[in-house]
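Please walk through the model below with attention to its backbone geometry and to one pair of packed helices.

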Amino acid sequence: MELGIGIGWRPEIADEVEALAGIDWVEAVAENLCADHLPDSLVRLRERGVRVVPHGVALGLGGADRPDPVRLASLAARAELLGTPLVTEHIAFVRAGGPLTASPRLEAGHLLPVPRTRDALDVLCENVRIAQDSLPVPLALENIAALITWPGEELTEGQFLAELVERTGVRLLIDVANLHTNHVNLGQDPAKALDELPVEAIAYVHVAGGVEKNGVWHDTHAHPVTAPVLDVLAELRSRVDPPGVLLERDDAFPPAGELAGELDAIRATLRRAAPPTRGPGAAPGAAPGVGSASASASASASASASASASASASASGEDPCRAVRGGDRPPVAPAPAGTRDRTAVAQAALLSALVAGTPAPEGFDHRRLRVQSRALAAKRADVVAKVAPELPEILGDGYRAAFLAYADGRPMSGGYRRDALDFAEHVLIAGGPADPAARRRLTYWWQDRAGARPPRRGTRLIRAARAVLVGR
(Lines give C-alpha, C1' and ligand atoms only; values in the text may rest on other atoms or scores of the structure.)
Protein backbone atom coordinates (compact mmCIF):
# COMPACT_ATOMS: atom_id res chain seq x y z
CA MET A 1 0.00 0.00 0.00
CA GLU A 2 1.67 3.20 -1.21
CA LEU A 3 0.87 6.35 0.76
CA GLY A 4 3.40 8.83 -0.60
CA ILE A 5 4.37 12.10 1.08
CA GLY A 6 2.14 13.38 3.86
CA ILE A 7 1.84 15.86 6.70
CA GLY A 8 0.21 15.78 10.12
CA TRP A 9 -3.15 17.55 9.93
CA ARG A 10 -3.83 19.84 12.85
CA PRO A 11 -6.72 22.34 13.20
CA GLU A 12 -4.25 25.21 13.61
CA ILE A 13 -2.78 24.62 10.14
CA ALA A 14 -5.79 23.16 8.36
CA ASP A 15 -5.83 25.89 5.70
CA GLU A 16 -2.09 25.61 5.10
CA VAL A 17 -2.28 21.82 4.75
CA GLU A 18 -5.08 22.12 2.18
CA ALA A 19 -3.00 24.59 0.17
CA LEU A 20 0.25 22.59 0.16
CA ALA A 21 1.21 21.08 -3.18
CA GLY A 22 2.17 17.43 -3.52
CA ILE A 23 0.44 16.14 -0.39
CA ASP A 24 -0.76 12.58 -0.91
CA TRP A 25 -2.16 11.91 2.58
CA VAL A 26 -2.53 13.34 6.06
CA GLU A 27 -2.53 11.94 9.56
CA ALA A 28 -4.91 13.21 12.26
CA VAL A 29 -4.77 12.58 16.02
CA ALA A 30 -7.62 10.12 16.55
CA GLU A 31 -8.64 11.42 19.98
CA ASN A 32 -9.10 14.93 18.55
CA LEU A 33 -11.74 13.77 16.06
CA CYS A 34 -15.43 13.27 16.75
CA ALA A 35 -16.70 9.76 16.09
CA ASP A 36 -19.70 10.87 14.03
CA HIS A 37 -18.48 13.76 11.87
CA LEU A 38 -15.30 15.26 10.47
CA PRO A 39 -13.95 18.82 10.37
CA ASP A 40 -14.77 20.53 7.09
CA SER A 41 -11.09 20.64 6.15
CA LEU A 42 -10.74 16.85 6.35
CA VAL A 43 -13.96 16.43 4.37
CA ARG A 44 -12.55 18.60 1.58
CA LEU A 45 -9.23 16.72 1.62
CA ARG A 46 -10.99 13.37 1.35
CA GLU A 47 -13.10 14.66 -1.55
CA ARG A 48 -9.84 15.46 -3.35
CA GLY A 49 -8.68 11.89 -2.84
CA VAL A 50 -6.29 12.63 0.03
CA ARG A 51 -6.21 9.72 2.47
CA VAL A 52 -6.63 10.41 6.18
CA VAL A 53 -4.98 8.07 8.71
CA PRO A 54 -6.07 8.26 12.38
CA HIS A 55 -3.12 8.26 14.80
CA GLY A 56 -4.01 7.21 18.35
CA VAL A 57 -2.18 8.40 21.46
CA ALA A 58 -4.28 7.09 24.37
CA LEU A 59 -4.58 3.30 24.09
CA GLY A 60 -1.43 2.56 26.07
CA LEU A 61 -0.87 -0.84 24.45
CA GLY A 62 2.39 -1.22 26.36
CA GLY A 63 0.60 -0.89 29.70
CA ALA A 64 -0.07 -3.73 32.11
CA ASP A 65 -3.85 -3.61 31.62
CA ARG A 66 -5.62 -5.10 28.65
CA PRO A 67 -6.77 -2.42 26.18
CA ASP A 68 -9.89 -0.51 27.17
CA PRO A 69 -12.79 -1.76 24.98
CA VAL A 70 -14.33 1.73 24.95
CA ARG A 71 -11.12 3.29 23.61
CA LEU A 72 -10.78 0.52 21.04
CA ALA A 73 -14.37 1.01 19.89
CA SER A 74 -13.75 4.75 19.60
CA LEU A 75 -10.66 4.21 17.45
CA ALA A 76 -12.53 1.69 15.30
CA ALA A 77 -15.37 4.18 14.78
CA ARG A 78 -12.95 6.83 13.56
CA ALA A 79 -11.35 4.34 11.19
CA GLU A 80 -14.77 3.54 9.74
CA LEU A 81 -15.68 7.21 9.46
CA LEU A 82 -12.46 8.03 7.60
CA GLY A 83 -12.44 4.96 5.37
CA THR A 84 -8.75 4.68 6.23
CA PRO A 85 -6.47 1.86 5.05
CA LEU A 86 -4.90 1.50 8.51
CA VAL A 87 -4.73 2.99 12.02
CA THR A 88 -1.66 3.68 14.11
CA GLU A 89 -0.73 3.81 17.78
CA HIS A 90 2.40 3.74 19.96
CA ILE A 91 4.53 1.19 21.75
CA ALA A 92 4.17 2.89 25.11
CA PHE A 93 2.29 3.01 28.37
CA VAL A 94 0.32 6.12 29.32
CA ARG A 95 -1.27 5.15 32.63
CA ALA A 96 -0.57 2.85 35.57
CA GLY A 97 -1.95 1.76 38.90
CA GLY A 98 -5.52 0.61 39.40
CA PRO A 99 -6.83 -2.88 40.27
CA LEU A 100 -3.69 -4.78 39.33
CA THR A 101 -1.72 -2.88 41.95
CA ALA A 102 -4.54 -1.95 44.37
CA SER A 103 -3.38 1.68 44.02
CA PRO A 104 -4.88 4.86 42.55
CA ARG A 105 -4.98 5.12 38.78
CA LEU A 106 -2.34 7.54 37.47
CA GLU A 107 -2.27 9.21 34.04
CA ALA A 108 1.04 10.20 32.50
CA GLY A 109 -0.40 12.55 29.89
CA HIS A 110 2.48 11.41 27.72
CA LEU A 111 3.98 8.35 26.04
CA LEU A 112 6.37 6.49 28.33
CA PRO A 113 8.73 3.68 27.28
CA VAL A 114 8.04 0.05 28.09
CA PRO A 115 10.97 -2.02 29.36
CA ARG A 116 12.48 -4.18 26.65
CA THR A 117 12.04 -7.35 28.65
CA ARG A 118 10.34 -10.68 27.99
CA ASP A 119 7.60 -9.85 30.49
CA ALA A 120 6.80 -6.54 28.81
CA LEU A 121 6.92 -8.14 25.36
CA ASP A 122 4.49 -10.89 26.40
CA VAL A 123 2.03 -8.29 27.70
CA LEU A 124 2.44 -6.07 24.64
CA CYS A 125 1.89 -8.94 22.20
CA GLU A 126 -1.36 -9.97 23.87
CA ASN A 127 -2.55 -6.37 23.98
CA VAL A 128 -1.71 -5.89 20.31
CA ARG A 129 -3.65 -9.01 19.37
CA ILE A 130 -6.69 -7.75 21.30
CA ALA A 131 -6.45 -4.42 19.47
CA GLN A 132 -6.02 -6.08 16.07
CA ASP A 133 -9.12 -8.20 16.62
CA SER A 134 -11.14 -5.10 17.56
CA LEU A 135 -10.16 -2.86 14.64
CA PRO A 136 -11.63 -2.94 11.12
CA VAL A 137 -8.29 -2.24 9.42
CA PRO A 138 -4.64 -3.19 10.01
CA LEU A 139 -2.72 -1.66 12.92
CA ALA A 140 0.76 -0.15 12.82
CA LEU A 141 2.75 0.74 15.94
CA GLU A 142 5.26 3.54 16.44
CA ASN A 143 8.56 3.48 18.30
CA ILE A 144 8.69 6.34 20.80
CA ALA A 145 11.30 8.83 21.98
CA ALA A 146 12.60 8.41 25.52
CA LEU A 147 14.40 10.45 28.14
CA ILE A 148 14.89 7.44 30.41
CA THR A 149 15.76 3.78 30.05
CA TRP A 150 14.71 0.86 32.22
CA PRO A 151 17.31 -1.12 34.19
CA GLY A 152 17.73 -4.79 33.33
CA GLU A 153 16.56 -4.65 29.72
CA GLU A 154 16.99 -7.91 27.82
CA LEU A 155 16.52 -6.80 24.20
CA THR A 156 17.66 -3.95 21.99
CA GLU A 157 15.01 -1.76 20.37
CA GLY A 158 15.49 -3.48 17.02
CA GLN A 159 15.23 -6.95 18.55
CA PHE A 160 12.14 -5.96 20.53
CA LEU A 161 10.38 -4.63 17.43
CA ALA A 162 11.42 -7.62 15.32
CA GLU A 163 9.99 -10.11 17.79
CA LEU A 164 6.81 -8.06 18.18
CA VAL A 165 6.26 -8.21 14.42
CA GLU A 166 7.09 -11.91 14.24
CA ARG A 167 4.64 -12.81 17.04
CA THR A 168 1.72 -10.57 16.04
CA GLY A 169 2.08 -9.66 12.36
CA VAL A 170 1.63 -5.99 13.31
CA ARG A 171 3.03 -3.30 11.00
CA LEU A 172 5.54 -0.67 12.09
CA LEU A 173 5.46 3.11 12.03
CA ILE A 174 9.10 4.08 12.31
CA ASP A 175 9.77 7.57 13.65
CA VAL A 176 13.30 8.53 12.60
CA ALA A 177 13.23 11.58 14.89
CA ASN A 178 12.62 9.23 17.82
CA LEU A 179 15.55 7.06 16.75
CA HIS A 180 17.70 10.19 16.78
CA THR A 181 16.31 11.20 20.19
CA ASN A 182 17.23 7.83 21.64
CA HIS A 183 20.68 8.12 20.10
CA VAL A 184 21.35 11.43 21.88
CA ASN A 185 19.64 10.60 25.17
CA LEU A 186 20.35 6.90 25.57
CA GLY A 187 23.36 6.26 23.33
CA GLN A 188 21.41 3.87 21.08
CA ASP A 189 22.71 3.56 17.51
CA PRO A 190 19.96 4.26 14.91
CA ALA A 191 21.79 2.27 12.25
CA LYS A 192 21.93 -0.80 14.50
CA ALA A 193 18.24 -0.51 15.26
CA LEU A 194 17.45 -0.29 11.54
CA ASP A 195 19.69 -3.30 10.86
CA GLU A 196 17.82 -5.39 13.45
CA LEU A 197 14.21 -4.47 12.78
CA PRO A 198 12.18 -6.00 9.91
CA VAL A 199 12.13 -3.06 7.49
CA GLU A 200 9.71 -4.92 5.24
CA ALA A 201 7.07 -4.47 7.97
CA ILE A 202 7.23 -0.67 7.81
CA ALA A 203 3.85 0.89 7.00
CA TYR A 204 5.20 4.45 6.95
CA VAL A 205 7.72 6.81 8.52
CA HIS A 206 7.49 9.90 10.75
CA VAL A 207 9.89 12.84 10.50
CA ALA A 208 9.78 15.60 13.12
CA GLY A 209 11.83 18.33 14.73
CA GLY A 210 13.19 18.79 18.22
CA VAL A 211 15.77 20.69 20.22
CA GLU A 212 18.75 19.85 22.42
CA LYS A 213 19.01 21.42 25.88
CA ASN A 214 21.84 20.66 28.30
CA GLY A 215 22.78 17.49 26.46
CA VAL A 216 19.20 16.16 26.36
CA TRP A 217 17.24 15.96 23.11
CA HIS A 218 13.60 16.97 23.46
CA ASP A 219 11.28 15.58 20.80
CA THR A 220 9.13 18.73 20.70
CA HIS A 221 7.44 18.54 17.29
CA ALA A 222 7.65 22.33 17.57
CA HIS A 223 11.01 22.95 15.88
CA PRO A 224 12.30 22.49 12.33
CA VAL A 225 13.56 19.07 11.25
CA THR A 226 17.32 18.95 11.78
CA ALA A 227 20.06 17.51 9.59
CA PRO A 228 20.78 14.59 12.00
CA VAL A 229 17.12 13.48 11.76
CA LEU A 230 17.30 13.62 7.96
CA ASP A 231 20.49 11.55 8.19
CA VAL A 232 18.55 8.81 10.00
CA LEU A 233 15.87 9.02 7.29
CA ALA A 234 18.62 8.52 4.72
CA GLU A 235 19.88 5.47 6.64
CA LEU A 236 16.40 4.00 6.52
CA ARG A 237 15.93 4.81 2.83
CA SER A 238 19.21 3.08 1.98
CA ARG A 239 17.66 -0.14 3.30
CA VAL A 240 14.04 0.09 2.14
CA ASP A 241 11.69 2.24 0.08
CA PRO A 242 9.06 3.17 2.72
CA PRO A 243 5.44 3.19 1.52
CA GLY A 244 4.90 6.61 3.09
CA VAL A 245 6.76 9.42 4.83
CA LEU A 246 5.01 12.07 6.94
CA LEU A 247 6.11 15.38 8.46
CA GLU A 248 4.83 15.96 12.01
CA ARG A 249 4.35 19.37 13.61
CA ASP A 250 2.30 19.85 16.79
CA ASP A 251 3.12 23.34 18.03
CA ALA A 252 4.78 26.66 17.17
CA PHE A 253 3.44 26.24 13.65
CA PRO A 254 5.52 28.01 10.99
CA PRO A 255 4.21 29.70 7.82
CA ALA A 256 3.13 27.42 4.99
CA GLY A 257 6.32 28.21 3.07
CA GLU A 258 8.46 26.74 5.84
CA LEU A 259 6.34 23.58 5.97
CA ALA A 260 6.72 23.25 2.20
CA GLY A 261 10.48 23.69 2.57
CA GLU A 262 10.69 20.90 5.14
CA LEU A 263 8.69 18.61 2.87
CA ASP A 264 11.06 19.43 0.01
CA ALA A 265 14.03 18.57 2.24
CA ILE A 266 12.41 15.21 3.04
CA ARG A 267 11.85 14.48 -0.66
CA ALA A 268 15.44 15.44 -1.49
CA THR A 269 16.79 13.20 1.29
CA LEU A 270 14.79 10.24 -0.02
CA ARG A 271 16.06 10.79 -3.57
CA ARG A 272 19.70 11.11 -2.52
CA ALA A 273 19.65 8.07 -0.24
CA ALA A 274 17.89 5.73 -2.66
CA PRO A 275 20.10 2.86 -3.89
CA PRO A 276 20.95 3.16 -7.60
CA THR A 277 18.39 1.58 -9.90
CA ARG A 278 19.91 -1.34 -11.78
CA GLY A 279 17.55 -1.58 -14.77
CA PRO A 280 18.86 -0.93 -18.32
CA GLY A 281 18.59 2.72 -19.20
CA ALA A 282 17.75 3.76 -15.64
CA ALA A 283 19.02 7.16 -14.60
CA PRO A 284 21.73 7.04 -11.89
CA GLY A 285 20.26 7.57 -8.46
CA ALA A 286 16.67 7.28 -9.66
CA ALA A 287 14.39 5.37 -7.32
CA PRO A 288 10.72 4.50 -7.08
CA GLY A 289 8.50 5.22 -4.11
CA VAL A 290 7.93 8.28 -1.99
CA GLY A 291 11.19 9.98 -2.99
CA SER A 292 10.61 9.68 -6.72
CA ALA A 293 10.42 12.77 -8.86
CA SER A 294 7.72 11.18 -10.97
CA ALA A 295 4.47 10.03 -9.37
CA SER A 296 3.60 7.89 -12.38
CA ALA A 297 6.97 6.17 -12.33
CA SER A 298 6.51 5.57 -8.61
CA ALA A 299 3.10 4.02 -9.11
CA SER A 300 4.37 1.85 -11.95
CA ALA A 301 7.35 0.60 -9.96
CA SER A 302 5.15 -0.03 -6.95
CA ALA A 303 2.65 -2.02 -9.01
CA SER A 304 5.46 -4.06 -10.53
CA ALA A 305 6.98 -4.79 -7.13
CA SER A 306 3.56 -5.69 -5.76
CA ALA A 307 2.89 -8.08 -8.63
CA SER A 308 6.29 -9.69 -8.14
CA ALA A 309 5.70 -10.07 -4.40
CA SER A 310 2.26 -11.58 -5.04
CA ALA A 311 3.68 -14.06 -7.52
CA SER A 312 6.39 -15.11 -5.08
CA ALA A 313 3.86 -15.46 -2.27
CA SER A 314 1.52 -17.49 -4.45
CA ALA A 315 4.33 -19.83 -5.45
CA SER A 316 5.19 -20.41 -1.80
CA GLY A 317 1.56 -20.89 -0.79
CA GLU A 318 1.55 -17.74 1.39
CA ASP A 319 -1.24 -15.18 1.49
CA PRO A 320 0.12 -12.12 -0.40
CA CYS A 321 -2.26 -9.79 1.49
CA ARG A 322 -1.30 -10.98 4.94
CA ALA A 323 1.12 -8.14 5.66
CA VAL A 324 -1.42 -5.55 4.50
CA ARG A 325 -4.65 -7.04 5.87
CA GLY A 326 -3.22 -8.54 9.01
CA GLY A 327 -4.96 -11.84 8.11
CA ASP A 328 -3.53 -15.28 8.91
CA ARG A 329 -1.60 -13.90 11.86
CA PRO A 330 0.52 -16.26 13.91
CA PRO A 331 -1.22 -17.32 17.14
CA VAL A 332 -0.36 -15.38 20.28
CA ALA A 333 -0.86 -17.02 23.65
CA PRO A 334 -2.06 -14.99 26.63
CA ALA A 335 0.71 -13.46 28.70
CA PRO A 336 2.00 -16.01 31.26
CA ALA A 337 0.55 -15.95 34.75
CA GLY A 338 2.01 -13.19 36.90
CA THR A 339 3.42 -11.26 33.95
CA ARG A 340 0.81 -8.53 34.01
CA ASP A 341 1.08 -8.17 37.79
CA ARG A 342 4.85 -7.72 37.65
CA THR A 343 4.55 -5.25 34.79
CA ALA A 344 1.84 -3.33 36.61
CA VAL A 345 3.90 -2.95 39.79
CA ALA A 346 6.97 -1.78 37.87
CA GLN A 347 5.09 0.75 35.73
CA ALA A 348 3.10 2.12 38.67
CA ALA A 349 6.29 2.63 40.67
CA LEU A 350 7.94 4.51 37.82
CA LEU A 351 4.95 6.70 37.01
CA SER A 352 4.36 7.49 40.68
CA ALA A 353 7.97 8.65 40.98
CA LEU A 354 7.51 10.86 37.91
CA VAL A 355 4.20 12.51 38.76
CA ALA A 356 3.59 12.01 42.49
CA GLY A 357 7.04 12.53 43.96
CA THR A 358 7.44 9.03 45.43
CA PRO A 359 10.95 7.54 45.69
CA ALA A 360 12.60 6.53 42.44
CA PRO A 361 12.58 2.80 41.69
CA GLU A 362 15.92 1.07 42.05
CA GLY A 363 18.23 1.15 39.05
CA PHE A 364 16.93 4.29 37.36
CA ASP A 365 19.06 7.35 36.67
CA HIS A 366 17.72 9.87 39.19
CA ARG A 367 18.88 12.89 37.17
CA ARG A 368 17.06 11.64 34.08
CA LEU A 369 13.96 10.93 36.12
CA ARG A 370 13.95 14.56 37.24
CA VAL A 371 14.27 15.70 33.62
CA GLN A 372 11.38 13.44 32.62
CA SER A 373 9.28 14.61 35.56
CA ARG A 374 9.76 18.27 34.62
CA ALA A 375 8.97 17.47 31.00
CA LEU A 376 5.70 15.77 31.98
CA ALA A 377 4.65 18.75 34.10
CA ALA A 378 5.55 21.20 31.34
CA LYS A 379 3.54 19.21 28.82
CA ARG A 380 0.54 19.19 31.18
CA ALA A 381 0.75 22.97 31.41
CA ASP A 382 0.99 23.34 27.63
CA VAL A 383 -1.86 20.97 26.81
CA VAL A 384 -4.18 22.39 29.48
CA ALA A 385 -3.52 25.83 28.00
CA LYS A 386 -4.64 24.45 24.64
CA VAL A 387 -7.78 22.64 25.77
CA ALA A 388 -8.75 25.50 28.10
CA PRO A 389 -7.25 28.67 26.55
CA GLU A 390 -9.34 30.84 28.88
CA LEU A 391 -7.13 29.84 31.82
CA PRO A 392 -3.90 31.52 30.63
CA GLU A 393 -6.02 34.46 29.45
CA ILE A 394 -7.54 34.87 32.92
CA LEU A 395 -4.36 34.23 34.89
CA GLY A 396 -2.03 36.05 32.51
CA ASP A 397 1.71 35.69 33.02
CA GLY A 398 1.13 33.84 36.28
CA TYR A 399 -0.59 30.88 34.61
CA ARG A 400 2.44 28.68 34.03
CA ALA A 401 4.01 29.11 37.48
CA ALA A 402 0.61 28.54 39.12
CA PHE A 403 -0.04 25.40 37.09
CA LEU A 404 3.41 23.91 37.75
CA ALA A 405 2.97 24.55 41.47
CA TYR A 406 -0.43 22.84 41.31
CA ALA A 407 0.94 19.88 39.34
CA ASP A 408 3.81 19.27 41.76
CA GLY A 409 2.77 16.13 43.62
CA ARG A 410 -0.74 16.12 42.13
CA PRO A 411 -0.90 13.39 39.47
CA MET A 412 -3.37 13.65 36.63
CA SER A 413 -6.12 11.11 37.26
CA GLY A 414 -8.32 11.88 34.25
CA GLY A 415 -7.95 13.63 30.91
CA TYR A 416 -6.62 17.11 30.26
CA ARG A 417 -10.06 18.73 30.41
CA ARG A 418 -10.59 17.31 33.88
CA ASP A 419 -7.09 18.50 34.76
CA ALA A 420 -8.01 22.04 33.67
CA LEU A 421 -11.15 21.95 35.82
CA ASP A 422 -9.24 20.63 38.85
CA PHE A 423 -6.56 23.30 38.42
CA ALA A 424 -9.14 26.10 38.33
CA GLU A 425 -10.80 24.64 41.42
CA HIS A 426 -7.43 24.54 43.18
CA VAL A 427 -6.73 28.20 42.37
CA LEU A 428 -10.14 29.34 43.59
CA ILE A 429 -9.95 27.37 46.85
CA ALA A 430 -6.51 28.89 47.51
CA GLY A 431 -8.05 32.36 47.23
CA GLY A 432 -6.75 33.26 43.80
CA PRO A 433 -6.50 35.03 41.52
CA ALA A 434 -5.67 38.17 43.49
CA ASP A 435 -7.40 40.45 41.01
CA PRO A 436 -11.17 40.46 41.81
CA ALA A 437 -12.17 40.72 38.15
CA ALA A 438 -9.97 37.74 37.23
CA ARG A 439 -11.38 35.79 40.17
CA ARG A 440 -14.94 36.43 38.99
CA ARG A 441 -14.05 35.33 35.45
CA LEU A 442 -12.40 32.15 36.73
CA THR A 443 -15.37 31.43 38.97
CA TYR A 444 -17.82 31.79 36.08
CA TRP A 445 -15.57 29.59 33.94
CA TRP A 446 -15.40 26.87 36.59
CA GLN A 447 -19.12 26.93 37.33
CA ASP A 448 -20.04 26.78 33.65
CA ARG A 449 -17.95 23.62 33.15
CA ALA A 450 -18.33 21.90 36.50
CA GLY A 451 -22.05 21.42 35.90
CA ALA A 452 -23.66 19.18 38.47
CA ARG A 453 -20.32 17.71 39.59
CA PRO A 454 -19.90 18.45 43.31
CA PRO A 455 -16.54 19.93 44.23
CA ARG A 456 -14.07 17.41 45.57
CA ARG A 457 -13.59 19.44 48.76
CA GLY A 458 -17.14 19.68 49.99
CA THR A 459 -19.15 22.89 49.73
CA ARG A 460 -16.34 25.30 50.40
CA LEU A 461 -15.82 26.18 46.74
CA ILE A 462 -19.55 26.63 46.09
CA ARG A 463 -19.81 29.05 49.01
CA ALA A 464 -16.74 30.93 47.80
CA ALA A 465 -18.11 31.09 44.27
CA ARG A 466 -21.45 32.46 45.46
CA ALA A 467 -19.67 35.09 47.51
CA VAL A 468 -17.66 36.21 44.51
CA LEU A 469 -20.68 36.29 42.19
CA VAL A 470 -22.81 38.39 44.52
CA GLY A 471 -19.89 40.73 45.14
CA ARG A 472 -19.39 39.98 48.82
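A102 lies in the loop between β5 (93-98) and β6 (103-112), where helices (H or I, at least four residues) and strands (E, at least two) are DSSP runs numbered from the N terminus. Although A102 is not a glycine, its phi is positive, at about 50°, and the residue is exposed, with a relative accessible area of 75% (buried means under 20% relative accessible area, exposed over 50%, partly exposed in between, with a 1.4 Å probe and protein chains only). This is a predicted model, in which local features need pLDDT of at least 70 and side-chain atom pairs count only at pLDDT 80 or more, while totals for chains, interfaces and linings use all residues. Residues are numbered from 1 along each chain as its sequence is written, and side-chain values use heavy atoms, with hydrogens and water left out.

H221, in the loop between β11 (216-218) and α8 (227-237), also is not a glycine and has a positive phi, of about 55°, but H221 counts as buried at 10% relative accessibility. Most residues other than glycine have a negative phi, and most peptide bonds are trans. A cis peptide bond, with omega about -10°, joins G432 and P433, and P433 sits in the loop between α16 (416-429) and α17 (436-450).

Turning to helix packing, α4 (residues 118-134) and α12 (residues 339-355) pack at an angle of about 110° with their axes 9 Å apart, the axes being lines fitted to C-alpha atoms over the stretch in contact and the angles running from 0 to 180 degrees between N-to-C directions. The two helices, α4 and α12, are therefore roughly perpendicular to each other (65 to 115 degrees; under 35 counts as roughly parallel, over 145 as roughly antiparallel and the rest as oblique).
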